[in-house]
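Hello,

Here is the structure I said I would pass on. My notes on it follow below.

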Amino acid sequence: MAAVAANPAYTAATAVDDREPQREAVLGLESQRRQIENGRGRPLQVGESWFLVGQHWYKQWEVYVQGGDRDSSTFPGCINNAELFEDQVNWRLKKGLVEGEDYVLLPAAAWHYLVNWYGLEHGQPPIERKVVELPSIHKVEVYSVELLLVQHSDMDTPHTAQFSQTDSVDLVLHTAREQFLVSPQEETRLWIKNTEGSCERLCNTRVTVLDAALKTGQVVVMETQNKDGTWPSAQPHDMSSTLEEEEEFQGQPGICGLTNLGNTCFMNSALQCLSNVPQLTEYFLKNQYLEELNFCNPLGMKGEIAQAYADLVKQAWSGHHRSIVPQVFKTKVGHFASQFLGYQQHDSQELLSFLLDGLHEDLNRVKKKEYVELCDAAGRPDQEVAQEAWQNHKRRNDSVIVDTFHGLFKSTLVCPDCGNVSVTFDPFCYLSVPLPVSHKRVMEVFFVSMDPRRKPEQHRLVVPKKGKISDLCVALAKHTGISPERMMVADVFSHRFYKIYQLEESLSSILDRDDIFIYEVSGRAAIGENSREDVVLPIYLRERTPARDYNSSYYGLMLFGHPLLVSVPRDRLSWDALYHILLYRLSRYVTRPTSDDEDDGDEKADLEDKDSLPKPGHVTEGSSQDPGLEQAGPSSRVMSGSRAPVDNSPGPSHWPQRARRKHLFTLHTVNSNGTSDRSTFNEDTHAQPYIAIDWEPEMKKRYYDEVEAEGYVKHDCVGYVLKKAPVQLQECIELFTTVETLEKENPWYCPTCKQHQLATKKLDLWMLPETLIIHLKRFSYTKFSREKLDTLVEFPIRSGAWGGWLGAGVRWGGRQGLGDGGAIDINPCHTHRDLDFSEFVIKPQNDSARELYKYDLIAVSNHYGGLRDGHYTTFACNKDSGQWHYFDDSSVSPVTENQIESKAAYVLFYQRQDVARRLQTQASSSKPPASSACGAPPKSEFTDVN
């Protein structure tokens, strides 16, 4: 290819008489044109350089090469892009330049050809631009993005910097750090200032300027973290003095409380436990999480949970805080998990489960999860299937949470019909182990004797947990000597019978909070034509009170006191007889009138109606089919027959419609709620009536002793302290690995039988994680009841500091026996051993592998109280000092190891000993070793577990 000189002397050099060189020059110009035009037509490739050439010069060049004119007036001269620049100093491009009108784009090769042929105007820089990949298109980025960088502490002094749309936001941050001379030890983050003045956080620094939607002229704010781990933007302006005080405070890192925002003790407890997992905390303190934030995971939370937790950890471990307010973290949790919105009490283990899953997905190193088909063992060796399952798990899940907390267990299902065995290996993040549940239940009841002189007795009874009402009566009979056949059990609520139980009903329908009364009733012979039979009548107490309206003649009726179940001989069913029977039953707290005048009244009229109550023979035939007493509670009736023989009891239609007034009280038939006169309702005429004793206020005040009526005595059994035998953690893990039968609500589909089966299921531990979380299932839920198990679980704290795991039911010093047998003595010297999970792991082990199953306790989440109310706290071992501390919201205090074990222990955190040694080695290489550690040999005063 002919070369063309880049100066006007070219004309003189070629203006010779020889015609051939002239023809070669023309051909050379044509070759130039084809070379440049071919280059312009090539496709764009991302990352390559293209150059801008002024449209005026380029058109002049085209005329020159197309015409082949040797006249110097058509020669374009040196490349001159002066018309594209705003000035000749900064060489900034003019705004609004248009390709094809103001400039043309040439690839690097074409540009270099032109420069070689014609040269570049002296002093002008080449205008080089990169090809960038925009959504669905490749484009030469002519104009870069010009950002205004400012510091959070000085928003009025911007610094201008230019970036390509394909530059990462991390480059913007790096540029800002260099511009504002931020030291490498200081942490920073970026915010975008919007046109309305608000700021939005730039969380993902790995995205491009284009993806972050940064535009020219936009203000980017760099914020530098305070020394105490807080961020200036997260603090109100009026807290500057408080921040200065906090930064001046210097305490032990990690010994920092968390403010209770309102029923957030469950969150504080979980956070304190997780914060004291050494390797996880170091991961955040060393900013290793920044490289692994996953902002595109659809199962994650855009990195926000991980960043919020990281900020919390850095504040807690800065050593500049006595207590911090986790408001930002609480808001983030509520945003991504609506169940934690508001300020209701929740479960610390549920929060912990959500947090571990959220951190895992936010930090998942797998950016695009591939589909993995789960395969059954199909007779293959366990080791092969387990390795395959773990590799498949890691193909989709790979994070610091998996590295720290995930293990593997073997699940074996056996079909009860065909015997098909299904074996799978599944990952776990924590073990939820059941507590050995006692088959006995302690219930408190009040026994009401037929003897009116005896006060009600409070009894504490031990009954079968799955027993019946009859078992409750049998247990009470042992204390009272009263036959169970002479007892009736009722639930009393708000001065009325909520439910009167039948003998065959389950005790599970009675809640611990229910007020259970057991009434003595008269014994009854077998039902026969001439047999004597009693009727059991429910009795309510009511008081007439003036209604709160302008009609003073109207009176309301209010229930008070405890209702009664009273046995009445069927041959004495008259108002007068019933009045005297009730007066006798109430004689302990109702005084009889002493004046003859008070006893006259309507006695004559009463005697006239003495026989107004129908005799058994007058009852209609249909009444024999009545199932018994109608109850206040739903579907609850006293059983008929020998228990409560009310088959022939008079129905409401046989009772007088108007009750006679007595001197002390009047009697009325009422409905089961005791709220209305029965005669005003169209109820079943064969149903057992309820009787109300109505008192006038003045008569009640004179003759009714409320203090005596409410009095009761405690049986000796109430004073006995019923101690629950403690259980060993080993027993809980053994229960976890015990064969169980699936429930009807959760059957297994057998591929051989082609139907759902209630298969047997067994879980076995195959591989344990570095940090093992054990959740003690203290909360028990059934169809009828909810309860918290306050059993003391004895768990090892550290290797050699605990007397070993003993068999079920064994206690030191013979304080507890095996089962129901006699106590045995155990010599603690013969049972000393490490906390060793190797006996539970079924994976084949060699002798050296057994060291991988020894653990030390590092944290405990405690729950105090019951189901509806409670409080969470934490015991945790500081990773730097080895000292145990008690975290109670914002309060933190040191404790000794013998204070850790309690009935409140709910979630246990154990760290593998080889991990502890590895972390200590790493720490000792960077700083002097701590005086003690969580896994250090115990002091002598802590060696006695008794």
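Buried means a relative accessible area under 20%, exposed means over 50%, and partly exposed lies in between (1.4 Å probe, protein chains only). This is a predicted model, in which local features need pLDDT of at least 70 and side-chain atom pairs count only at pLDDT 80 or more, while totals for chains, interfaces and linings use all residues. Residues are numbered from 1 along each chain as its sequence is written, and side-chain values use heavy atoms, with hydrogens and water left out.

Glu-373 is exposed, with a relative accessible area of 53%. Glu-373 sits in the loop between helix 11 (348-362) and helix 12 (382-396); helices (H or I, at least four residues) and strands (E, at least two) are DSSP runs, numbered from the N terminus. From Glu-373 to Ala-389 is 16 residues in sequence and 9.9 Å in space, C-alpha to C-alpha.

Lys-410, in strand 12 (residues 407-414), is buried at 13% relative accessible area. Its side chain makes a polar contact of 2.8 Å with the side chain of Asp-382. A polar contact is a pair of N or O atoms within 3.5 Å; within protein, one must be able to donate a hydrogen and the other to accept it, and residues adjacent in sequence count only if both atoms are side-chain atoms.

Asp-491 has Lys-499 in strand 18 as its bridge partner. The two strands form a hairpin with 2 residues between them, and Ser-494 in the turn has a positive phi of about 55°. In strand 18 (residues 496-500), 4 of the 5 residues are buried.

Regards

Conventions. Pairing = 2+ DSSP bridges.
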